[in-house]
Amino acid sequence: MAVRMCPAFGRSVFIPATTMRWPIRNCNFLVQNCVLDPNNSRKLVLEVKEKLAKDYHSLPQGKNGRDDEDMIYWFLKDRKFSVEDATAKLAKAIKWRRGFGVSKLSEESVKNIAETGKAFVHEFLDVNGRPVLIVVASKHFPAVHDPVENEKLCVFLIEKALSKLPDGKEEMLAIVDLRGFGTENADLNFITFMFDVLYSYYPKRLGDVLFVEAPFIFEPIWLLAKPLLKSYASLLSYMCKIGEMFLLPLDEEQETGVEEFNSCIELFV
C-alpha cells in the first residue's frame, strides 16, 4: 500500500506506507448512516426545537439559532437521533457561536492574519464537490501571531468553506502543506482549539485531512498532539478512498503567495 502525490505542490512524491514512521489508521470520517422515516425525522426535529424553546429560550433564533431546523437535523444525525443529546450539544454550540462572535467575522476582520498566507479556502471545489481548506503550516508562528486572531481566522475559514457546500454535499476537505515545517511552527494549543471547535460545533463537517510531505520533525509533534484530538485522531492520515483524486489548480495571482500547483492524491493498494 502506498500514497502518491502527483505532483504535490509542484513535484511528484512517492511515499511507501512502510516508510511512515508513526501509526496511521485507514479510516474515513463518515456521517452516521441512520435512515429514518421522513415523518419521524420531522417529529424529532420539532421535539428538539420545542425543547430548545422551553429550556433555552434566551438563545437567538434564525439561521444557526435554536429554531434553525437544518442545523437541528444535522446535530440530530451527529447524536444518532437522540433528542436529549442533540439538544444539549446544539445549545452549547449556539451559546459558543454567540460568545465567540461568529456572525461578526468577515474578510475585513481577519484581513491582517489572513495576509500571512497560513490558511485559505481554495477557489475551486475538489473533484468530489467538496470545499477545500488549505493550511500552510510553515507560515504559522505561535510566538509571533496573536492566538485570538488565529482562532478567528480558523472559524472564519470553516464558515467560509461550509458556505461553499453544493446541494447534497456535507463535508469539506483539508490539505495541510507540511513542507518546511519546524518546531517554531508547532502549536498544540491551537490544534486543541481547532479540533474542539470541529468536534463540538461543526460535527462531521470534516471529511478528510491530507498531509503533504510531512518531515521527520513532525513525528514527535504528532505523537504529542494525537491524544488531544479526541475522535478526530483517526481522521488525520495520508489516505483517501481508493482511486480518489483531488485536482486543485491555483490562480497565479493568488495573494497568499502559495505557488501554483495541480495536486492529485491517489491511494494504491
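By class, how many nonpolar, polar and charged residues does the lining of the largest cavity have? Let's find out on a short tour.

**Before you start.** This is a predicted model, where local features need pLDDT of at least 70, side-chain atom pairs count only at pLDDT 80 or more, and totals for chains, interfaces and linings use all residues. Residues are numbered from 1 along each chain as its sequence is written, and side-chain values use heavy atoms, with hydrogens and water left out.

**Stop 1: the cavity.** Select Val135, Val176, Phe190, Ile191 and Met194, which lie nearest the centre of the largest cavity among its 33 lining residues. On a 1 Å grid over the protein atoms alone, a cavity is a set of points where a 1.4 Å probe fits but cannot get out, and lining residues have an atom within 4 Å of a point. Its volume is about 620 Å³. The lining holds 28 nonpolar, three polar and two charged residues. Here Ala, Val, Leu, Ile, Met, Phe, Trp, Tyr, Cys and Pro count as nonpolar, Asp, Glu, Lys and Arg as charged, and the others, Gly among them, as polar.

Stop 2: Next, select Lys63, Asn64, Asp70, Leu165 and Arg205, the closest to the centre of the largest pocket out of 23 lining residues. A pocket is an open set of points with protein on both sides within 12 Å along at least five of seven lines. The volume of this one is about 700 Å³, taken as the space filled by probe spheres set on the points, which are joined across faces, edges and corners. Its lining has 10 nonpolar, three polar and 10 charged residues.
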